[in-house]
Amino acid sequence: MNTTASIPHLVGKDHQPNQQCTKRHTGNMPSQTMPSESNFTITYMLKNSGDKTNFGITIEGLDLNDISDADVKALSDAIWTHKVVVVKGQKDLHPTKQWELVTRFDPESPQVHSHGDLKTFAKQGGVLSAGREVTGIPGAENVRLIGKGFQGEDHYGIKNMNILRCLSNDFHADKLSDEDFRAGNSRFQRWHMDAPLYGKEPAWFTTLRCIKRPTEPEMNIRWDDGSGLSMKSEPGLTAFFSNVQAYELMTEEERKVADHSWVEYAPLPYVWISKCSGRANGLGLETEGKELSIEELGEYDEDSVKRYPMVWVNPITGERAFQVHGICARKLYLRSSTDEEPHVIENVEEIRAFLKPIQERVLKPEYIMLPKMEEGDIIMWANYMIFHTAVDYPIEFGPRTMHQANIGGSIGPAQMGLFEIPAA
Ligand SMILES: [Fe+2]
């Protein structure tokens with residue numbers, strides 16, 4: 001089924017920074033047919049001068065413990081449309097209600113986290129799970145406790161947990177010095193979308209509730225890639241850029257190739273790159289020849305290997321996103337039209353050389369957003385349209401407690417592209 005055909009392709013709305021308004025939402029989700037209407041307050045996220053981001057809103061007036069079907073639909077449409085949404089005032093949101101909301105966003109999907117249960121995540125998570133403690137909330141195991149430091153005497157039944165292994169700057173090949181880090185410098189950890197890229201489909205949305213985080217001192221995020229770029233941030237935030245904007249920054253010739261090309265991801269992709277290290281700006285891997293060979297990967301299921309188009313189409317706005325998870329890409333199939341034989345690139349160095357200049361164009365302070373999260377806020381993002389990354393901070397700044405949940409999409413990117421990928 002090609003879902004894009006049955007989904008309304010509305011004209012992308014111009015983003016109007018700093019404007020406060022209330023909107024009524026209408027529109028259809030891929031798996032739903034009932035139109036919906038709802039009222040809640042939307043505020044476009046504040047921008048600094050020179051900021052070129054065109055996404056991000058704040059919502060007030062919702063109680064996610066008790067949300068109607070119409071509001072779930074309106075919220076879902078808002079996430080697709082604005083890509084990053086912060087819902088204020090969810091301090092009392094119960095983990096079971098967070099999970100229930102996630103399942104209501106995509107009721108056709110199997111009721112489990114997009115990375116599977118914790119045992120599957122530990123086994124197949126590779127680079128995602130190796131250096132990191134992830135715990136399910138008792139009674140709502142698909143809601144994951146992620147964070148840093150001491151989580152309290154009794155956190156929803158989790159007693160005296162101290163998270164020592166967490167998202168950090170260790171992933172970079174060229175590591176930030178401890179001295180620079182302690183002085184308040186940091187980096188983007190690893191730009192990505194939340195996607196297993198093997199077996200289950202990526203989650204349409206990820207939800208992340210902020211329970212605790214430090215708000216000072218101000219951090220300095222450095223690119224350290226020779227560009228000299230840097231930007232300021234409060235500690236404990238998540239950074240985002242839009243792959244719709246990455247697409248818009250491509251040349252006409254590049255877009256022609258992207259529109260007709262696809263990517264084959266490695267089997268067990270995060271195990272495949274489990275010995276690899278990232279570039280200092282967090283985007284892509286250093287080429288060190290450390291990917292596992294197919295033999296080293298051991299047994300895998302050929303049917304679970306993912307082949308996705310390079311361009312994913314927003315089911316609500318019709319916008320196109322250049323959505324290539326470069327670190328897991330094993331083969332590129334490039335062509336400029338549907339009747340052309342694809343040129344296949346299998347060498348990871350060549351794959352990276354193709355992707356780097358395109359994806360780095362948007363990796364600039366003016367295209368990056370670090371939405372402010374206050375305790376009790378929950379942030380939700382359209383995983384199929386953007387990349388995000390953690391930014392580490394020294395534990396001396398204070399503990400961080402977050403509840404993360406998402407669900408594998410019932411409709412995947414192969415059905416949200418511009419063409420049907422030819423059979424292998
Ligand atoms: Fe993530």
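**View 1. Strand S11 runs antiparallel to strand S21, and 5 bridges join the two.** S11 covers residues 203-212, and its partner S21 covers residues 378-382. To find your bearings in this predicted model, look for threonine 206, which stands opposite tryptophan 381 of S21.

**View 2. Strand S4 also pairs with S21, again in an antiparallel arrangement.** Here 4 bridges link S21 to S4, residues 84-87. A handy landmark is valine 87, with isoleucine 378 of S21 opposite.

**View 3. Strand S21 is mostly covered, with 5 of its 5 residues buried.** Both of its faces are covered. On one side sit Ile378, Met380 and Ala382, and on the other Ile379 and Trp381.

**View 4. Helix H1 is largely enclosed by the rest of the structure, because 12 of its 14 residues are buried.** The buried stretch includes Asp71, Lys73, Asp77 and His82, as well as Val72, Leu75, Ile79 and Trp80. Among the elements that cover these buried residues are S4, S11 and S21 from the views above, along with strand S2 (39-44), strand S3 (57-60) and helix H2 (95-105).

View 5. Just past the helix, take a look at lysine 83, which adopts a positive phi of about 75°.

Definitions and conventions. Residues are numbered from 1 along each chain as its sequence is written. This is a predicted model: local features need pLDDT of at least 70, side-chain atom pairs count only at pLDDT 80 or more; totals for chains, interfaces and linings use all residues. A residue is buried if 20 or more other C-beta atoms lie within 10 Å of its own, exposed if 12 or fewer, and partly exposed in between; C-beta atoms are placed from the backbone. Two strands pair if DSSP finds at least two bridges between them. Two residues are in contact if their C-beta atoms, placed from the backbone, lie within 7 Å.
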